[in-house]
Amino acid sequence: MFLNKSLHPLYRYQYLLIRYRKTNKNYSITSSSSNNLNSTMKSLVDSKQYEKALKLFNEQSQISTDFTINMAIKACTKLHDYQQGVNIKEKLSPKTLNNPYIQTSLIHFYMQCHKVDHGYHLFSKIVNKSNPMYASMFKGLITNNMSEKVLDLFDEMIIEPDSVTLTVLFNACAQIANNRAMKIGKNLLHKMPTNYQNNNVLLNSAIDMLMKFRDIENAEHVFQSMKKKDIISYNVMIKGYATNEMSEKALNLFEQMHLNLDNVTYIIIFNLCAELANDRAKNIGKKLLVEMPNNYRNDNVILNSAVHMLTKFGDMEGAENIFRSIKKKTIINYGRYVANEMSEKALDLFEQIHINLDHVTYTIVFNACAQLANDRAKKIGKKLLDEMPNNYRDENIVLTSAIHMLMKFGNVENAENIFQSIKKKDIITYNSMIKGYVANEMSEKALDLFEQIHINLDHVTYTIVFNACAQLVNEQAKQIGKKLLDEMPNNYRDENIVLASAIHMLMKFGDVKGAEDIFQSIKKKHIVAYGALLNGYNSNDDPSKCFKILTEMQDLDIIPNEIIWNILIGACSQIGMLLKGQYIVDQIPLHMQTKKQIQNSLIDMWGKCGSVKNAEDVYKSVSDRDAITYNAMINTFGRNGMGFEAIKLYREMPNNLRDEISHICILNACSHSGLLDQAQIIFNEIPIKTERIITIMIDCLSRLFVFDEAQKLIDDYEKTNAPYFVMYMALLSGARNNRNMTLSEKIYNRMKTLFPDQKQGLLSGSILLSNVYSSLGKYEQAKNLRYHEKKELGVKVKIGLSWTEVYGELVRFKAHDHSHPRSSEIYAEFDRLSSILIKYNYKFDSTWITRQMNEEETIESVLCGHSEKLAIGFNLIQKPIPEFIQITKNLRVCGDCHEFTKLIAKFYQRNIIVRDANRIHHFYPNGQCSCQDHF
């Protein structure tokens with residue numbers, strides 16, 4: 001962007017007045033004269049002495065005028081000092097707050113401090129909006145990556161844009177460069193007043209915009225129309241040609257220039273020549289470099305571009321000479337080369353360092369190698385370590401960096417050797433080792449080492465060990481973690497980072513109450529602690545509590561960050577309720593909704609809430625889609641029974657973005673839509689078939705009862721790999737749906753032999769087998785199996801739960817639940833419904849009863865007590881009955897509930913969405929389900 005830096009005409013009168021009154025260059029800081037204060041404030045702000053300006057303002061605020069206040073707000077904006085800016089704003093009188101200049105500066109202040117919602121709020125209250133106000137809003141939105149919102153706001157603009165506003169609008173259109181932006185940008189250019197035709201700043205922005213639109217012809221027309229072209233005009237045109245892959249035209253224009261070049265020109269041309277790298281480019285680039293004035297030979301950005309160009313030319317010697325010519329070159333520069341991913345060349349340069357290395361050098365290089373952790377970095381790092389003089393081998397800081405590097409390389413043994421060689425180990429050394437073990441998924445070793453520490457722990461130690469215990473979650477981890485927490489000194493009990501790790505650990509242990517107690521004990525809660533608590537609720541299947549915590553944060557004026565919003569979106573994904581999802585989305589600031597991670601999370605959330613349309617809307621708004629974006633959308637189609645749409649998107653996805661998750665999502669989509677042929681085609685195309693990919697294919701085959709092929713995949717896999725539990729569960733699940741007792745028994749017995757330690761999984765398998773027995777009327781056999789396996793395995797059966805939201809109330813039911821105050825109404829409604837549906841030839845399917853009935857029970861009473869039916873019943877007793885019913889269940893829906901819900905949807909002419917553990921069922925008023933009975 002090339003924006004006009006001169007004062008806006010509305011400010012010029014005050015500016016000239018101050019200049020007129022300026023009689024000498026030495027102003028008395030302590031003067032009580034408002035005019036002198038104004039002049040001094042402006043001089044300080046103009047000379048970028050913002051801290052001094054604010055100090056002066058605070059000292060003499062009692063004699064400040066609106067002009068002085070305006071200067072102070074500008075200083076806060078430049079310093080991004082949000083708190084001081086707010087303090088100034090809160091002390092302003094109503095009259096000052098209505099001053100257009102103050103309003104404009106406040107809008108700019110809010111936007112540059114990324115408080116977009118505050119900027120919008122102030123702007124919306126202004127009755128007589130001016131061009132500077134619009135320009136400040138537009139600039140702020142661009143700064144906050146919300147260029148689309150610029151166009152939305154422009155559509156509401158009722159005054160004609162001036163040259164500054166037009167410039168910003170052109171910049172916004174250039175950034176967006178979609179059909180809407182092109183239409184608006186070209187229309188603005190077409191209607192631009194003739195008196196702006198000599199405004200170079202405006203025309204340069206127009207050229208940049210047209211180049212971004214790939215409208216080269218009109219960009220050239222505007223360029224040719226300029227009477228006095230400046231260097232910026234040439235730079236914009238040349239860069240535009242380069243961006244549009246018209247490098248030869250760019251060089252043609254460059255050779256026509258007869259102006260002094262600036263630093264931007266050198267950078268553009270060097271990069272352009274690097275891109276082209278033909279004979280002409282080499283001649284131009286090298287000639288330009290040779291003739292470059294000395295004042296640019298200390299500009300590291302220019303020289304880096306020159307190095308890049310020469311490297312592209314294959315002139316490694318020349319590139320190295322330029323690099324060596326940099327006068328103020330420190331070892332930190334070398335570290336930055338690696339950090340900036342100059343890859344192999346950067347490592348070459350490291351190997352050519354001919355300056356004496358000190359302890360700082362070793363530390364930086366070890367850290368740089370740790371960051372890269374590729375083969376070349378490993379070679380350099382290990383060589384540097386081997387050749388390090390003995391006098392540095394007692395330097396704990398250096399050796400700790402070496403340990404960190406080796407741990408990043410996965411070279412745990414050598415890291416341990418370095419650690420053992422340290423004579424006086426400090427707590428930082430222990431921390432580095434323990435953290436390295438955790439990063440290498442060796443948490444047991446981490447805890448073993450921790451128990452050997454006999455020196456005072458610091459806050460980092462507590463944080464790392466709590467995280468190690470959270471990762472391990474076994475009895476040893478629980479014992480160590482809780483003991484460490486109980487004995488932690490009081491001075492660490494106000495450390496938000498430490499306590500957030502403790503909350504995370506307790507949540508991983510399933511000790512929600514303990515985590516809540518820790519959270520409540522924190523006097524000044526930081527957003528990190530809130531994040532740990534919210535994440536813990538999600539991981540413990542209690543996402544509804546997240547909404548209460550959000551309300552608490554809002555009451556305390558704690559503004560959620562991107563991490564918090566992602567966790568809250570995750571809570572909505574778990575609950576799966578459209579209204580809750582919308583409730584959260586409506587509160588996420590607009591500038592946050594444009595962030596990639598948020599967008600990807602929203603696609604996933606809307607998909608899990610059953611709104612494919614909302615997911616698609618977010619998907620289409622993502623400009624630079626990555627693998628996660630595509631995978632989330634493919635998974636959304638798959639979960640919602642739209643297999644063909646999932647396949648279409650998978651085919652559109654660039655090959656280089658496809659990863660293991662992509663393959664899993666598409667095969668899962670095929671599986672849930674019964675698209676076996678398409679799944680087999682895709683499966684055969686996948687070059688590397690991982691354990692999970694094969695498992696999904698087995699699931700697809702098993703769902704359609706193609707057991708021989710599914711078994712063959714397992715047999716082939718086990719020729720070179722250890723058996724994988726989930727493959728057998730997929731096969732057993734299909735056998736259960738097929739009510740194939742012989743096959744189910746065979747699979748389950750095989751699982752018990754292969755996986756004796758997978759107790760929770762085996763219990764799930766035993767339930768599937770007992771369901772087969774029950775479906776065939778063998779209730780005693782089913783009962784005996786459940787009792788025996790539950791006792792032998794010693795684990796609890798997962799309770800079936802269902803949630804629904806009705807008129808803002810989120811309600812949870814378990815099977816045969818009578819805890820709700822309106823339970824009697826729910827069961828009475830089912831009695832009434834059962835009588836009606838039976839008249840329409842509906843028959844309760846006893847094969848889905850998975851236990852022996854008591855004497856007082858009936859088939860109807862057992863099946864009507866399923867949690868998903870109770871949740872539906874709660875909706876049906878409302879007055880009026882909701883137009884749309886939504887249920888989320890933590891287990892798979894049974895066949896009887898599935899058939900019953902189809903009839904309810906048809907009888908009441910309602911759309912009903914039921915999300916179970918495997919997929920989302922859309923029940924339509926015509927009595928059909930989106931899954932086509934593939935569940």
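Helix axes are lines fitted to C-alpha atoms over the stretch in contact, and the angle between two of them runs from 0 to 180 degrees between N-to-C directions. Keep that in mind for the first stop in this predicted model.

Start with helix 40, residues 643-652, and helix 41. Helix 41 covers residues 660-673. The two pack at an angle of about 155 degrees. Their axes lie 8 Å apart. Angles over 145 degrees count as roughly antiparallel, so helix 40 is roughly antiparallel to helix 41. The crossing of the pair is left-handed.

Now look at the side of each helix that takes part. Helix 40 contributes G643, A646, I647 and Y650. Helix 41 meets them with S662, H663, I666, A669, C670 and S673.

Stay on helix 41 and find N668, which lies within it. Is N668 buried or exposed? N668 has a relative accessible area of 16%. Buried means under 20%, so N668 counts as buried. Which residues does N668 touch, leaving aside neighbours within four places in sequence? The contacts are N635 and I696.

Next, the nonpolar cores. In soluble globular proteins, nonpolar side chains tend to be buried together. Here the largest nonpolar core has 159 residues. Helix 41's I666, already met in the packing against helix 40, is among the residues with the most contacts inside that core. L667 is another on that list, along with F366, F466, I503, I584 and M751.

Take F366 as a close-up. Residues up to four places away in sequence are not counted. F366 then touches G381, L384, L385 and M388, and also V398, S401, A402 and M405.

Strand 1, residues 801-806, runs antiparallel to strand 2. Six bridges join these two strands. What is the bridge partner of L801 in strand 2? That partner is K814.

Conventions. Residues are numbered from 1 along each chain as its sequence is written. This is a predicted model: local features need pLDDT of at least 70, side-chain atom pairs count only at pLDDT 80 or more; totals for chains, interfaces and linings use all residues. Side-chain values use heavy atoms; hydrogens and water are left out. Helices (H or I, at least four residues) and strands (E, at least two) are DSSP runs, numbered from the N terminus. Buried means under 20% relative accessible area, exposed over 50%, partly exposed in between (1.4 Å probe, protein chains only). Contact means heavy atoms within 4.5 Å. A nonpolar core is a set of buried Ala, Val, Leu, Ile, Met, Phe, Trp, Tyr and Cys residues joined through side-chain atoms within 4.5 Å. Two strands pair if DSSP finds at least two bridges between them. Angles under 35 degrees count as roughly parallel, over 145 as roughly antiparallel, 65 to 115 as roughly perpendicular and the rest as oblique. A crossing is left-handed if the near helix is turned anticlockwise from the far one by less than a right angle, and right-handed if clockwise.
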